[in-house]
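Subject: Structure for your review

Dear colleague,

Please find the structure below, followed by a summary of what was found in it. I would be grateful if you would read the two together.

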Amino acid sequence: SKCPGVRQLAVVTLGLFLKAVHMEEAHSLKTWRRERPQIAMVLDSVQRGIAVRRAIMLARRKEEGTEDQPLLVPMFPAVSAVFLGWSALIVSRPSDDMFASANRSFLRLDDYHGAFKDCFALPAFISLFCGSFAEENSQARRERLWALQLLKDGVRDSYCYKVAARRHAPALIMSSFESLVSGGGLHEADAEPYILLEAIECLLLNGGHAARH
């Protein structure tokens, strides 16, 4: 949200959720025994990511001599929020086709005790979209489609577009579409070209001035 008050409320809500998943009663719930650690992993990672960002901002304020100014909760880009929401759902369902991929995104986090430092960036796109070209199989295609869907649903404004552009996402999907066309890889039953086009359309429509220049 662009409202600082709403963002503060979101941080408080995150803290309450974390308190709930770490309560003794939550540990003892048999029906939640498998899902609880996975959800806790995502929430803990996000909270640590916010704490790291806050520490960086405080250090910057100290260098600038502006410690007396209020420190607002920074705004997540929508594309990062969508990724975290999807991930929280997926890691609580081991039967999901994307479970291993989403789980790996958090298990590989080593810095700051697993802090999710991509809260303010485009998470996992490169590993899902580009890494899957190395080995072409059904899971690789699912990961590519998931990465494209993340762009399609997550890039809602120019802020999100700039976040995606820093990871070269627009250039990558444009070159991917060009390769499909020139290589004769377009097939009516194939979903990938269509979602590629939808992702490109989303970037152009929602990216503002930066997307058109």
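**The second largest pocket**

Seventeen residues (17) line the second largest pocket, and those nearest its centre are Ser105, Arg108, Leu109, Asp118 and Ala124. A pocket is here an open set of points on a 1 Å grid over the protein atoms alone, where a 1.4 Å probe fits, with protein on both sides within 12 Å along at least five of seven lines; lining residues have an atom within 4 Å of a point. The volume of this second largest pocket is about 260 Å³, taken as the space filled by probe spheres set on the points, which are joined across faces, edges and corners. Helix α6 (residues 125-130) gives the largest share of its lining, three residues; helices are DSSP runs (H or I) of at least four residues, numbered from the N terminus. By class, the lining has nine nonpolar, two polar and six charged residues. Ala, Val, Leu, Ile, Met, Phe, Trp, Tyr, Cys and Pro count as nonpolar, Asp, Glu, Lys and Arg as charged, and the others, Gly among them, as polar.

**Basis of the model**

The model is predicted: local features need pLDDT of at least 70, side-chain atom pairs count only at pLDDT 80 or more, and totals for chains, interfaces and linings use all residues. Residues are numbered from 1 along each chain as its sequence is written, and side-chain values use heavy atoms, with hydrogens and water left out.

**The largest pocket**

The largest pocket holds about 580 Å³ of space. Its lining comprises 22 residues, with Ala10, Leu14, Val46, Phe76 and Leu84 the closest to its centre. At least two lining residues come from each of α1, α3 and α4 (78-90), and α1 supplies the largest share, seven residues. The lining divides into 18 nonpolar, three polar and one charged residue.

**Helices α1 and α3**

The axes of α1 (residues 4-21) and α3 (residues 35-64) come within 10 Å and cross at roughly 145°; axes are lines fitted to C-alpha atoms over the stretch in contact, and angles run from 0 to 180 degrees between N-to-C directions. The contact (heavy atoms within 4.5 Å) includes Leu14, Phe17 and Leu18 of α1 and Ile39, Leu43 and Ile50 of α3. By class, this contact has nine nonpolar, two polar and two charged residues.

**The loop between α5 and α6**

Tyrosine 112 is in the loop between α5 (99-107) and α6, and its phi is positive, near 55°.

Yours sincerely
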